[in-house]
Amino acid sequence: MKTRILLTLTSFLLLLSMTLNLGGCMNSFASDDLMKGIKANFVSGKETDDAFILAQTELALKLFKASVNQSKNENVLISPLSILLALAMTANGADGETRAEMEALLGGDIKLDDLNEYIYTYVKSLPSSKQAKLEIANSIWFRDSESFTVEKDFLQTNADYYGAEIYKSAFDESTLDDINSWVSKNTDGMIEKIFEEINSDALMYLINALVFDAEWEKVYSETSISDKDFTSISGETDTVKMMHSTEYKYLHSKNATGVIKDYKGKKYSFAAILPDKGIDLYDYIDSLTAKDLREMLSDCDNVQVITQIPKFKYDYSLYMKNILSSLGMPSAFAHNADFSSVSKDQSIFVEDIIHKTFIDVSENGTKAAAVTGAIERAWGDEVQKAYVTLNRPFIYMIIDNETNLPIFIGAVTDISN
């Protein structure tokens, strides 16, 4: 009998200046900890290089474009990093065609063994501080059954490279409490629960929680916020709170301009891209390539940018089965899926993947904002100046400044206050 897996990718992007405490306490779950007695082996890792960075930029754009196409006229936000981590852990349990498809989507020409090494090094390199905090947690939950044994190599690999917590549980009300408690703990209580019930035929849940909480390098004052118009994707105009500042990283390419605004410590930044007037948002997104995006982010001009960013917040949910199937990994969701490296006892397939995000951009800082609206350029003899006003639909990212990889990427089409 085929048994389904439900993967839950829970990415929470917090733009509020909160203090997070995501670790340090012992778990008191009713579920059995399968990682007891399994110690992570030494991992040398692979330094991030152009091959890895380009592959992950391409993955981010593929996921973003597919998400936008599935959510036309809606605000969209995904975390390519969260999706990568969850799927890479799952791929470590795959074999045959299932593994090959997942490998090709996640790493391009990079094989999974090498991808694990790259991911380990990349995640370890991501800084986390009091003013700009990035916290990542992974857990896998298996049904406790005499007919089901988890392969030790699968456990060991995910311990070595991902620090995953892995549990075996009854998949009853106590499991529901354990999973929701884990989610609450690893989001500092901001998300109290993710499931309302445990599916009766589920064998495994895989959860990734990614929290990003940062203050702006230059926090907005009350006098730098004013009421302005924002024109939504439908053409309707609403009054929004617009935050005014002067930045010094100007983005430009064919058919678009933008701005980069730093968070405290300048390890992470908010990057916004605004298609030129007359350029349809979705046409621009469809035309954007990984090469274009990398060149735009790496070749920003050091000029004065008079910037206006709207305050906004929203949550977003996405079921990813159709998206990932269309992007080249349909076998994972088929009844002939090969996850024999998870368990040799049962035939397993993935039923669906849920991705949830939340973002709140305010004057204190956060991870979301974008370049939108009327853009003008004034080039003086000594001072170069650009104007970026995000008053119409735009694309935005939270990027790691070391690699310019998007940790989050989204599109704002409407702002409701």
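Q: Which strands does helix α8 lie across, and at about what angle does α8 run to β9?
A: This is a predicted model, where local features need pLDDT of at least 70, side-chain atom pairs count only at pLDDT 80 or more, and totals for chains, interfaces and linings use all residues. Residues are numbered from 1 along each chain as its sequence is written, and side-chain values use heavy atoms, without hydrogens and water. Helices (H or I, at least four residues) and strands (E, at least two) are DSSP runs numbered from the N terminus. Helix α8 (residues 290-298) lies across β9, β10, β11, β17 and β18, at about 145° to β9.

Q: Which strands are the edges of the open sheet?
A: Six strands form the sheet, in the order β3-β18-β17-β11-β10-β9, with antiparallel pairing. Strands pair if DSSP finds at least two bridges between them. Two strands pair on one side only: β3 (76-78) and β9 (250-253).

Q: Which residue in β18 stands opposite Ile 398?
A: Strands β17 (residues 394-400) and β18 (residues 405-412) pair in the antiparallel sense over seven bridges. Opposite Ile 398 stands Phe 408.

Q: How many residues of α2 are buried?
A: Buried means under 20% relative accessible area (1.4 Å probe, protein chains only). α2 is mostly covered. Its buried residues include Pro 80, Ile 83 and Met 89.

Q: Which residues does Ala 40 touch, not counting residues up to four places away in sequence?
A: Ala 40 sits in the loop between β2 (32-33) and α1 (50-70). Contact means heavy atoms within 4.5 Å. Ala 40 touches Gln 156, Ala 159 and Asp 160.

Key. Buried < 20%, exposed > 50% of the residue type's maximum accessible area, 1.4 Å probe, protein only. Axes fitted to C-alpha atoms, helices over the stretch in contact; angles between N-to-C directions.
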